[in-house]
Amino acid sequence: VTHADACVLNSQNSNGGCTPLMRLAMGHCKNPSLNEALLLRLLERGGGASVAVRSKAGVSAAGYATQNGQRSGIVQLLSQLEETEIQRTAHLRCSVCSELLSERPWLSYFADRAERGLEDNKLLRDFFCQGYHVPLLHNNFHAINNVRQIRKELSESLAMVSILEKEL
């Protein structure tokens, strides 16, 4: 399997965040024996790197296999592979939900921008300069600190707080 093959075999689509392995675990091939053969072939060819990935719905390939009535041997195999992958990559995962963490969260990027004087929004500049963002950088807050739109969300929230402070 080439690097390109592995990238394709383990990629998530943009709609539901499902990998090819998840699609096969859902039984997208209407012929059950062909579906199972393709699933096993995919694992054999390197498609198992995504075995611990969760879709946007929060379900792994093993979960989809269970939900869609796949043979118990397939469910067990996917569950074992998922657990092995989670253990292997535990140092790269959130201790609360086991999601893979980004090397550099978006919140950190925006804080660095503010520190370099590149933030033009006064509310955000003050938020970052006062260090209010620091507790949010903890890995347990990855669902907040690694949202690409965090700058917009913070700006809107800080604007609302500012208005409320003036009114109260």
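**Grounds for the terms**

Author: The largest nonpolar core has 18 residues, and those with the most contacts inside it are Leu21, Met22, Ala25, Leu39, Ala61, Tyr64 and Leu78. Two or more residues come to this core from each of α2 (20–25), α3 (32–44), α4 and α5. This is a predicted model, in which local features need pLDDT of at least 70 and side-chain atom pairs count only at pLDDT 80 or more, while totals for chains, interfaces and linings use all residues. Residues are numbered from 1 along each chain as its sequence is written, and side-chain values use heavy atoms, with hydrogens and water left out.

Reader: What makes a set of residues a nonpolar core?

Author: The term denotes buried Ala, Val, Leu, Ile, Met, Phe, Trp, Tyr and Cys residues joined through side-chain atoms within 4.5 Å. Another core, of 10 residues, lies apart from the largest one and includes Phe110, Ala111, Phe127 and Leu158.

Reader: Why is Gln70 called buried?

Author: Buried means under 20% relative accessible area, exposed over 50%, and partly exposed in between (1.4 Å probe, protein chains only). Gln70 has a relative accessible area of 17% and is therefore buried. Gln70 is placed in the loop between α4 (61–67) and α5 (72–88), and its side chain reaches the backbone oxygen of Ala25 at 3.3 Å.

Reader: Why is Val147 called partly exposed?

Author: The relative accessible area of Val147 is 27%, so Val147 counts as partly exposed. Val147 lies in the loop between α8 (142–145) and α9.

Reader: How do you know that α7 is roughly perpendicular to α9?

Author: The axes of helix α7 (residues 122–129) and helix α9 (residues 150–167) come within 9 Å and cross at roughly 95 degrees. Angles of 65 to 115 degrees count as roughly perpendicular, therefore α7 is roughly perpendicular to α9. The contact (heavy atoms within 4.5 Å) is made by Leu123, Leu124, Phe127 and Phe128 of α7 and by Arg151, Leu154, Ser155, Leu158, Ala159 and Ser162 of α9.

Reader: What makes α6 and α9 roughly perpendicular to each other?

Author: The axes of helix α6 (residues 106–115) and α9 come within 9 Å and cross at roughly 70 degrees. α6 and α9 are therefore roughly perpendicular to each other. Here Trp106, Leu107, Phe110 and Arg113 in α6 meet Ile150, Arg151 and Leu154 in α9.

Note on methods
Axes fitted to C-alpha atoms, helices over the stretch in contact; angles between N-to-C directions. Helix = DSSP H or I, 4+ residues; strand = E, 2+ residues; numbered from the N terminus. Parallel < 35°, antiparallel > 145°, perpendicular 65-115°, else oblique. Polar contact = N/O pair within 3.5 Å; in protein donor to acceptor, adjacent residues only side chain to side chain.
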